[in-house]
Amino acid sequence: MWVMLAIVVGITGIITSRFLNLSAKKIFSAAGRALIQLILIALIISQVSTSWILTIALLLLMLGVAVFTSTQRIETVRWWVPASVMLGGVVPVVALMFGFGVLPVTPLAVIAVIGQLIGGTMSATNLAGRRIEQELSQRAGEVEAALALGFPENAARNLVGRPMAAEALLPGLDQTRTVGTVTLPGAFVGLVLGGASPLEAGLVQLVVLINLLAVQAITVSLLAMMLERKIGVRA
């Protein structure tokens, strides 16, 4: 397995450096970090199955890393912007899951589900933020034209930025629409391999996908509104 992984990482690095102008070091670094982080998280999770304190600490660590990553990707915003939009998306959806008894109140279940939601909202935040930034920069003339026509500044920025924000939901929409036909998600496969019936595994995966889509929609909407109003945007 290790030899195969090394070969695949090496080939990926060569392809990205030669054809995509992306340094192979980034591929090697990402693969190395993934290995170390998965080993660490496996060791940590094995210790948190009975500790809510460690569970909460791990979730805060996940959120902190997600916020740091998004702040690095969206260069014009302050750190509390991705933090607030991620929490704004994750908290109400998790509360709804707890309220209807969909999410078991156990440390491992909480880590698994909320961890997926945090990861999904980070990806949507990064994609939406970068696309809105790029469009507002490249189409600044259109924003100025709208201002000249009497549009409020947030409405002028909305005309350019909001369609780009919607694109951040496309990966989640495609994943949800094609689940079971193009891909078999990890939660489904893991449950089946763990002994659950395919029907039970499918229902759990459906819950995860729908809630992930809801989290991303809320997060992207909040981020778009904040960027349109220049809330938390560096001068």
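A polar contact is a pair of N or O atoms within 3.5 Å; within protein, one of the two must be able to donate a hydrogen and the other to accept it, and residues adjacent in sequence count only if both atoms are side-chain atoms. By that definition, and with both residues at pLDDT 80 or more, 0 residue pairs are in polar contact between domain 1 and domain 2. The structure is a predicted model, in which local features need pLDDT of at least 70 and side-chain atom pairs count only at pLDDT 80 or more, while totals for chains, interfaces and linings use all residues. Residues are numbered from 1 along each chain as its sequence is written, and side-chain values use heavy atoms, with hydrogens and water left out.

The chain as a whole has 10 helices and 0 strands. Helices (H or I, at least four residues) and strands (E, at least two) are DSSP runs, numbered from the N terminus. The C-alpha atoms fill a box of roughly 65 × 50 × 35 Å along the principal axes. Of the 235 residues in the chain, 33% are buried, where buried means under 20% relative accessible area, exposed over 50% and partly exposed in between (1.4 Å probe, protein chains only). Among contacts with a separation of 6 or more, 69% are made by residues 24 or more positions apart; contact means heavy atoms within 4.5 Å.

The chain is divided into domain 1 (1-49) and domain 2 (52-229), with bounds from an automatic or database domain assignment. The centres of the two domains, taken over C-alpha atoms, are 23 Å apart. Where they meet, 6 residues of domain 1 are in contact with 7 residues of domain 2. The area buried between them is about 520 Å², and carbon and sulfur atoms give 85% of that area. Buried area here is the accessible area (1.4 Å probe) that two parts lose on being put together, summed over both. Ile-45, Val-48 and Ser-49 supply 69% of the area that domain 1 buries against domain 2, more than any other three residues.

Gln-216 lies in helix H10 (residues 198-228). Why does Gln-216 count as buried? The reason is its relative accessibility of 7%. Leaving aside residues up to four places away in sequence, Gln-216 touches Gly-120, Thr-121, Ala-124, Leu-169 and Gly-172.
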